[in-house]
Amino acid sequence: METLTHPLDLSTREACVAADSTDSLSSFKERFILPDGVIYLDGNSLGPRPVGALERAQQVIATEWGEGLIRSWNTAGWFELPVRLGDKLAKLIGGRDGETVVTDTTSLNLFKALASAIRIQQVDHPERRVIVTERDNFPTDIYIAEGITDFLNSVAQETGIRYEVRLIDEDLSLEQALDGSVAVLALSHVNYRTGAMWDMTAVTAKAHGVGALAIWDLAHSAGAVAVDLNGADADYAVGCTYKYLNGGPGAPAFIWVNARHQDRFWQPLSGWWSHAKPFNMADSYAPASTINRFLCGTQPITSLAMVETGLDIMLDVDPAALRAKSLAMTDLFIALVKQRCASHPLELITPRDHAIRGSHVSFRHPDGYAVMSALIAGGVIGDYREPGVLRFGITPLYLGHADVWDAVEILRDILDTRAWDKAKFKTRNAVT
């Protein structure tokens, strides 16, 4: 049996409770609405509801819409909301004012970023026609890259010019994939399945070293780990607000564009909100000279308004304290599972090294889906990802060390008693 190792002596539940009593972040739990009897380990997929989100939505619906009607585009600041929220979010990812907008979905924003980057390369380095990403990237990132290359190839089929997607995997390293043919490197900063984290500064430098532009997907980074896009000299970034930023289910995503790229080309989803003067109703397109050019159509105001509630909480958090607690609790989770569930076929696929770990922990189990279903029924909510992966989000603002202890104890009991081995836990839901 593996010896429990942790920077604090947390070998008993009482010690975990004592550690929580001196936690500088413990008061943040009061700023979230969570049901009784639940240990929520899925904030890496959908953050819980912040205090004030319901009231903000009611204000938009009852007052700003109900009474202000269309006047609220001006009087309530609806029109400026994507950029105003973008400036707030930028503070969490190392951006500057005017570099970020909250809008659309991560997939659409990735398409915009890829299209913009490729157009820059078509002028500066037309011989570069490869998009490099990772085989283990979140699938939509691969699909969007495949989609844009398919479109480019279909419109240029008479010329013989071909774009392609090149996938990093166990047979092709990052260093091997990057060469003079690469236009864009598009990676997730933290891997959605394993929690492994790239060194953004070093990898961006490698991309630039061969003349490629770097796009980062921050879906599992923003609000969870330190991100400094300008410090890393990144070119573009995208991400969602409904995970660690607690913006609500399906909340609008964001796109960050380094100021040096913003006015080179407009992105192809050139809707009227990205026009320089949208209310001139001109019959031809002239892009805004600001980050507004990465908007598209009319914005979902109620959803945007709720995003602000989550952002305001995150802006009150000490990032260093957040990261330190995240690492301490993920260390504890790993150590407790290794100690107390050692007789079961659980394979840790999350890095132990702090420098390359995000804020979730994943174990593979041959019956992972059924085990996770039984855990959820037992009040521990994580999620499942193929193949066989139990994924646990360790979110420091509303979780404590005692929650980690209790979650592992419930997992141990489910495994020891084979409580998961029932038909009801093996029937797949649409969302896992």
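Modeller: Let's start with Asp383 and Arg391, whose side chains meet in a salt bridge with N to O at 2.7 Å. Bear in mind that this is a predicted model, where local features need pLDDT of at least 70 and side-chain atom pairs count only at pLDDT 80 or more, while totals for chains, interfaces and linings use all residues. Residues are numbered from 1 along each chain as its sequence is written, and side-chain values use heavy atoms, with hydrogens and water left out.

Colleague: What makes the contact of Asp383 and Arg391 a salt bridge?

Modeller: The term needs a side-chain nitrogen of Lys or Arg within 4 Å of a carboxyl oxygen of Asp or Glu. Arg391 and Asp383 are at 2.7 Å, N to O, so the pair qualifies. By this rule the count comes to 27 salt bridges.

Colleague: Are Asp383 and Arg391 buried or exposed, and why?

Modeller: Buried means under 20% relative accessible area, exposed over 50%, and partly exposed in between (1.4 Å probe, protein chains only). Asp383 has 3%, so it is buried. Arg391 has 2%, so it is buried too.

Colleague: Why does Lys426 get its label, and what does Lys426 pair with?

Modeller: Lys426 has a relative accessible area of 41%, so it is partly exposed. Its side chain meets that of Asp421 in a salt bridge at 2.6 Å, N to O. Asp421 comes in at 32%, so it counts as partly exposed.

Colleague: Which parts of the chain does the pair of Lys88 and Asp312 link?

Modeller: The closest N and O atoms of Lys88 and Asp312 are 2.6 Å apart. The pair links distant parts of the chain, with Lys88 in helix α4 (residues 81-93) and Asp312 in helix α9 (residues 301-314), 224 residues apart. Helices here are DSSP runs of H or I with at least four residues, numbered from the N terminus. Asp312 has 29% relative accessibility, so it counts as partly exposed. Arg84, Lys88, Glu308 and Asp312 are linked in a network of salt bridges.

Colleague: What makes Ile61, Trp65, Leu69 and Ile70 a patch?

Modeller: Patches take residues with over 30% relative accessible area and no salt bridge, joining like charges within 9 Å and nonpolar side chains (Val, Leu, Ile, Met, Phe, Trp, Tyr) within 5 Å. Ile61 sits in helix α2 (residues 53-65) and has 42% relative accessibility, so it counts as partly exposed. Together the four give about 460 Å² of accessible area, by the Shrake-Rupley method with a 1.4 Å probe, where for residues only the protein chains shown count as cover.

Note on methods: Helix = DSSP H or I, 4+ residues; strand = E, 2+ residues; numbered from the N terminus.
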